[in-house]
Amino acid sequence: MGYYDDFDTKPKKSNKGNFGTWIAVSLVSALIGSATTVALVPTMIKSNVIETKSAFADNGNNTTSGAKETINVNVQTGVVEAVNKVKPAVVGVLNLQKSRDFFGRSTDEQTAGTGSGILFDDKGHIITNNHVVEGADTVEVSLQDGKRIKAKVLGADAMTDLAVLEVDPNDVKDITPAKFGNSESLNIGEPAIAIGNPLGLKFAQSVTVGVISATKREMPIYDQAGNEVFTQNVLQTDAAINPGNSGGALVNIKGELIGINSAKISSTGVEGIGFAIPINEADPILQQLMEKGEIVRPVMGISPVALSEVPEGYRSGVPVEAGIYVYQAHENAKKAGLAAGDVIVKIEGEKVEDPIQLRKILYKKKPGDKIKVEFYRNKELKTVEMTLSKPE
């Protein structure tokens, strides 16, 4: 690295006269050049060699002095265009619940929480998060103009934290629904725009901008007992997501919906880590919720335990260290040929090592689908085909 005093700028004694002459010549040349330029500029302007534009509005009076110019700047960026496409379709969602007084009498409904939602078709269907509407006696939707309308919960799924609301199509006929993008084609670092209602309707349709930080994060899902039972694939973004943004839109620079804002990490000292459910994974869930009102996931009919959690003495000498130990085999599994003590190592050719991996494979299927199961019974590797069933 060089410093400012690394170079000797002092003239040498032997060149003292030449250096002084050089300075004088430079000064004279600069003065002559400046004077010449000043003299020639008017002539060059008159001859249209130099094109000029007045910095002031032409009011027909060329003698006006001290006039002030008003400048209007039109900033129309890709982000602005994307926001304008989607913003009207982003709504507020109000969870209204009744409470009971000391005598057990029902009181008026109060707002228990607020979130966001997105109109996604012309039939009045709105996406939001399950936790936004969970426990609600009544759900209302707040539109861009502040109008509040009643909404019906068509279906909700706690496992994916998604829900679909339905409003009267006539109430939203003037709103252009959000268009779905492709969350599978996202690149890390591309722009991501979050639109929602952070901290409630007071800040309705707030816009924050960031990038896609990651595309294949996994969010743990817990049951009511606090046990991790599933993992949800999510998009990670540094676009600010705050309480109330849940159920809101994450869009790309084209103004296409690529994710449903769902959660953020809010630990002390942590900033810019928010998550959204990819729209490609949300879409089939939304379709089922509209058609059936619930998600019916298939089961094998076993009580699964990770082999790593089974004491050595109960493993029946199986020659593997990882797999699914069948703690109990119920009717459907028994019918297929599985029994308690078997160790499943592959489903449809895919390795399985714990119940969460097993569910991730099964939840891509539906009741009635057939699957190939590879398992060990003692030291013998077996393969059976079985039909998945509905939960009992």
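**Close-up 1. The salt bridge between Asp171 and Lys147 in the predicted model.** Asp171 and Lys147 form a salt bridge whose closest N and O atoms are 3.6 Å apart, a salt bridge being a side-chain nitrogen of Lys or Arg within 4 Å of a carboxyl oxygen of Asp or Glu. Because Asp171 lies in the loop between strand E6 (162-166) and strand E7 (191-196), and Lys147 in the loop between strand E4 (138-142) and strand E5 (148-157), the pair ties together parts that are 24 residues apart in sequence; helices (H or I, at least four residues) and strands (E, at least two) are DSSP runs numbered from the N terminus. Asp171 is partly exposed at a relative accessible area of 29%, and Lys147 is partly exposed at 42%, where buried means under 20% relative accessible area, exposed over 50% and partly exposed in between (1.4 Å probe, protein chains only). The structure is a predicted model, in which local features need pLDDT of at least 70 and side-chain atom pairs count only at pLDDT 80 or more, while totals for chains, interfaces and linings use all residues. Residues are numbered from 1 along each chain as its sequence is written, and side-chain values use heavy atoms, with hydrogens and water left out.

**Close-up 2. Further salt bridges, out of the 12 that the structure holds.** Asp342 forms a salt bridge with Arg377, with 2.8 Å between the closest N and O atoms. Asp342 lies in the loop between helix H5 (331-336) and strand E15 (343-347) and Arg377 in strand E17, so this pair ties together parts that are 35 residues apart in sequence. Asp342 counts as buried at 2% relative accessibility, whereas Arg377, at 28%, counts as partly exposed. Salt bridges that share partners also join Glu140, Arg148 and Lys150 into one network.

**Close-up 3. The aromatic pair of Phe230 and Tyr363.** A search of the whole structure finds 2 aromatic pairs, counted where ring centres of Phe, Tyr and Trp (its six-membered ring) lie within 6.5 Å, with planes under 30 degrees apart taken as stacked, over 60 as edge-to-face and the rest as tilted. Phe230 and Tyr363 form a tilted pair, at 5.3 Å centre to centre and 50° between the planes. This pair links distant parts of the chain, 133 residues apart, with Phe230 in strand E9 (residues 228-237) and Tyr363 in the loop between helix H6 (355-362) and strand E17 (370-377). Phe230 is buried, with a relative accessible area of 9%, whereas Tyr363 is partly exposed at 25%. Arg297 lies over the face of Tyr363, at 5.2 Å from the ring centre (a charge sits over a ring if NZ of Lys or CZ of Arg is within 6 Å of the ring centre and within 35 degrees of the ring normal).

**Close-up 4. The largest pocket and its lining.** Of the 25 residues that line the largest pocket, Phe230, Ile285, Lys360, Tyr363 and Lys364 lie nearest its centre; on a 1 Å grid over the protein atoms alone, a pocket is an open set of points where a 1.4 Å probe fits, with protein on both sides within 12 Å along at least five of seven lines, and lining residues have an atom within 4 Å of a point. The elements giving two or more residues to this lining are E9, helix H4 (279-292), strand E16 (350-351) and H6, and H4 supplies the largest share, 5 residues. Lys360 also forms a salt bridge with Glu218, the closest N and O atoms being 3.0 Å apart.
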